[in-house]
Structure formats: structure tokens, C-alpha cells
Amino acid sequence: MLLCHEMFSSLQGEGPHTGRPAFFIRLSGCLEPFCPWCDTKDAWFGGSPASIEDIIQKVVRESHRFVVITGGEPFLQWDDGLSRLDRELAEMKIEVQYETSGKVAIPQQVRGEVICSPKYLSGKWHLARESMYRADAFKFVACRESIFFIDAFIAEHGIDRDRVWLMPKGKTRKEQTELLQFLWEHCVKKGYRLSARLHILCFDQKKGV
Ligand SMILES: Nc1nc2[nH]cc(C(=O)O)c2c(=O)[nH]1
Ligand code: SF4
Ligand SMILES: [Mg+2]
């Protein structure tokens, strides 16, 4: 069983697969330190139990070949069923992408693609050491105030810049658009990539998209 906050079909709004149709599984539960800008606070606690069979049936019914597993922090439930879901979707040749903060160690044996979005809070980064080695790409929620710390983190860890996406901080279309030009100019300077949060540009503050 997995504790699930919501499941929905939408477009992947963030990172390397932006614009791609996807089935989203938002698992419940996150851990401290919580991010004040979090747009999924409702997923921090609680959730409804869903069996792996039910989840797979939903993916099949919606005919999706691409599944995004997010949260909350999805890897909190790795040993409670997520490892089985990961294996079964891989066996069905359904592509899986994880969205994680990396605050809990990303399991080294995970088969899906892992997009890690490290969090800078109270003057430090909150990333498990193992997460650094397993992440396939890094996505940073950025704004004018945090850009210095993000650059320093990327340089310190020698992260390949082709694996770095900057994404504007902000829950509304207005906040997003105000940052895009600044972030793009910074990406050009540093050799990073830019990601909008396309679902917010498309749907603004609508839930479940
Ligand atoms: N459309 C859409 N794309 C997303 N990519 C990552 C999301 C997330 O909440 O982790 C997300 C989300 O919530 N919606
Ligand atoms: S790690 Fe993600 S889900 Fe958890 S509080 Fe931060 S933004 Fe929200
Ligand atoms: Mg989201």
C-alpha cells in the first residue's frame, strides 16, 4: 500500500520532459525542514491508502506510457511499496520519472529517472549524501535572492551544467513570468538550462494539474 495524495493526468510542467503528457502520482508525506514556498502543503501529512494493483490499473486505464511520481517526498515510501511499483512499471516498459528533494537518500537501485530539486533553508542545503550520486538531473527553484547559493552548490559539487535546470520560484503565473527573463540570462552566463513551470503558465493556480 502507498499513501497517496492525488493522481491526475496532465503535462509534465517542469524539467527535462516539459510539455510531455504524463500521469502523476502524488504520494503523501514529507519531512523537516519543510519549505515555506511549498505548493503541495496538503500532501505533507495524511493521504489515502492505494494498492499497487489499483495504481497500475489507473495508469493502464488512462493509457499512459509516462508516469511522474512526486510528493511530498516520494522516497519516504520506498520500502512500503514504491520499490515494487518502480519494478512493475519498469517491467511493463512504462517510463517513470521521480521528483524528489533528495532530503531522504535516493535509493541507488531505483529504475526510473530521478530529478532532484535540492532545498536551501536556514542557511544550508538539505540533501542526503547518497542523493547526490543517484540523481539524473538537478532542478533548482530559483529567485534573485537564492541564485548565489545555487551557483555555489553546483560549483562545489562539480555538477555537469547540462544536467542543471533553473526554475522560477512562485505559485502564480505572474510570479513565474516576472522571473523568467532574469533566470534565462543567468542560464546563458552559466551554461544551465531553463525550465518554466509550464502547468502554472497554462493553468495558473488550479489544483490537480
Ligand atoms: N503539471 C505538473 N508538472 C509537475 N512537475 C513536477 C510537479 C511536482 O509537483 O512535483 C508537477 C505538478 O504538480 N504538475
Ligand atoms: S520538499 Fe517538496 S513537498 Fe516537501 S516541503 Fe519542500 S517543496 Fe514541499
Ligand atoms: Mg507541483
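UniProt positions follow the numbering used here, with feature names shortened, and the annotations may be inferred rather than shown by experiment. The model is predicted: local features need pLDDT of at least 70 and side-chain atom pairs pLDDT 80 or more, while totals for chains, interfaces and linings use all residues. Residues are numbered from 1 along each chain as its sequence is written, and chains are lettered from A and ligands numbered from 1 in the order in which they are written.

Visitor: Which residue does the UniProt annotation "binding site" cover, and where is its place?
Guide: The annotation comes from an unreviewed UniProt entry and covers Thr40. Strands are DSSP runs of E with at least two residues, numbered from the N terminus. The place of Thr40 is the loop between strand 2 (21-27) and strand 3 (48-50).

Visitor: Does Thr40 count as buried, exposed or partly exposed?
Guide: A residue is buried with 20 or more other C-beta atoms within 10 Å of its own, exposed with 12 or fewer, and partly exposed in between; C-beta atoms are placed from the backbone. Thr40 has 16 such neighbours, so Thr40 counts as partly exposed.

Visitor: Which residues does Thr40 touch, not counting those up to four places away in sequence?
Guide: Contact requires C-beta atoms, placed from the backbone, within 7 Å. By that rule, Thr40 touches Arg26 and Gly72.

Visitor: Which residues surround ligand 1?
Guide: A residue is near a molecule if its C-beta atom, placed from the backbone, lies within 6 Å of it. The residues around ligand 1 are Ser10, Leu11, Gln12, Gly13, Glu14, Thr40, Thr70, Glu99, His199 and Val209.

Notes: Helices (H or I, at least four residues) and strands (E, at least two) are DSSP runs, numbered from the N terminus. Two residues are in contact if their C-beta atoms, placed from the backbone, lie within 7 Å.
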